[in-house]
Amino acid sequence: MHLDNFVDIISGKILNSPCISSINKLTSKLERVQIGDAFIAKNKDDAKEALNRGAYAIITDTYMDMIDDEVAWILTSDIEISILKFIKYIKLINSIEIVFFDEISFLLAKNIIRD
């Protein structure tokens, strides 16, 4: 996904002039970061580790020192809202239907639905 499109979707702001122009996927789990991913960082140590694993973008809702100017540093006003906006975008472009269950209904459905 093109970086500018991604930033618009999550209502973020790029804080620098990165060398990269696109990202592969979004993750908040350090162990899943791969080269080209955007990583949701809660703190500087996680951001540093994500960069070591190959992240092309760091998304945060608090200002952090930019330790690598070649990747995109993206600031959002609220990480949770940004994640929801991205999920909504993915849902719309892929025609995914999302269903919500309370815990009891989920357990019942899980036992009934096998597909």
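T60 is found in strand β4, which covers residues 57–60; strands (E, at least two residues) and helices (H or I, at least four residues) are DSSP runs, numbered from the N terminus. The structure is a predicted model, in which local features need pLDDT of at least 70 and side-chain atom pairs count only at pLDDT 80 or more, while totals for chains, interfaces and linings use all residues. Residues are numbered from 1 along each chain as its sequence is written, and side-chain values use heavy atoms, with hydrogens and water left out.

With a relative accessibility of 2%, T60 counts as buried; buried means under 20% relative accessible area, exposed over 50%, and partly exposed in between, for a 1.4 Å probe and protein chains only. Apart from residues up to four places away in sequence, T60 touches A41, I74, L75, T76 and I79, where contact means heavy atoms within 4.5 Å. A polar atom of the T60 side chain also lies 2.9 Å from the backbone oxygen of T62. This is a polar contact, that is, a pair of N or O atoms within 3.5 Å; within protein, one atom must be able to donate a hydrogen and the other to accept it, and residues adjacent in sequence count only if both atoms are side-chain atoms.

The side chain of T27 reaches the backbone nitrogen of K29 at 3.2 Å. When neighbours within four places in sequence are left aside, the contacts of T27 are R32, V33, D37, A38, F39 and I40.

T27 is also one of the residues that line the largest pocket; the others are L26, S28, K29, R32, I40, I83, F86, I87 and I90. On a 1 Å grid over the protein atoms alone, a pocket is an open set of points with protein on both sides within 12 Å along at least five of seven lines, and lining residues have an atom within 4 Å of a point. The largest pocket holds about 150 Å³ of space, the volume being the space filled by probe spheres set on the points, which are joined across faces, edges and corners. Both β2 (26–27) and α3 (79–93) supply at least two residues of this lining, and α3 gives the most, with four residues. By residue class, six of the lining residues are nonpolar, two are polar and two are charged. In this scheme Ala, Val, Leu, Ile, Met, Phe, Trp, Tyr, Cys and Pro count as nonpolar, Asp, Glu, Lys and Arg as charged, and the others, Gly among them, as polar.

The search of the whole structure for aromatic pairs finds two. The ring centres of F6 and F86 lie 5.3 Å apart with their planes at 75°, so this pair is edge-to-face. F6 lies in helix α1 (residues 3–9) and F86 in helix α3, so the pair ties together parts that are 80 residues apart in sequence. Rings of Phe, Tyr and Trp (its six-membered ring) pair if their centres lie within 6.5 Å; planes under 30 degrees apart count as stacked, over 60 as edge-to-face and the rest as tilted. F6 and F86 are both buried, and ring pairs link F6, F86 and Y89 into a cluster.

Helix α2 (residues 44–52) contains D46, which counts as partly exposed because its relative accessibility is 23%. Leaving aside neighbours within four places in sequence, D46 is in contact with L30 and F39. D46 and L30 are 16 residues apart in sequence, and their C-alpha atoms are 7.2 Å apart in space. In helix α4 (residues 103–112), the number of buried residues is one of ten, so the helix lies largely in the open. The N-terminal end of α4 is capped by D102, a side-chain oxygen of which lies 3.3 Å from the backbone nitrogen of I104.

S11 is placed in the loop between α1 and β1 (13–14) and, at 41% relative accessibility, counts as partly exposed. Its phi is near 55°, a positive value in a residue other than glycine. Most residues other than glycine have a negative phi.

Overall, the protein chain has four helices and five strands, which follow the pattern α-β-β-β-α-β-β-α-α along the sequence. The C-alpha trace spans about 50 × 25 × 25 Å along its principal axes. Of the 115 residues in the chain, 31% are buried. Among contacts with a separation of 6 or more, 32% are between residues 24 or more positions apart.

How values were computed:
1 Å grid on protein atoms, 1.4 Å probe; cavity = no way out; pocket = protein on both sides within 12 Å on 5 of 7 lines; lining within 4 Å.
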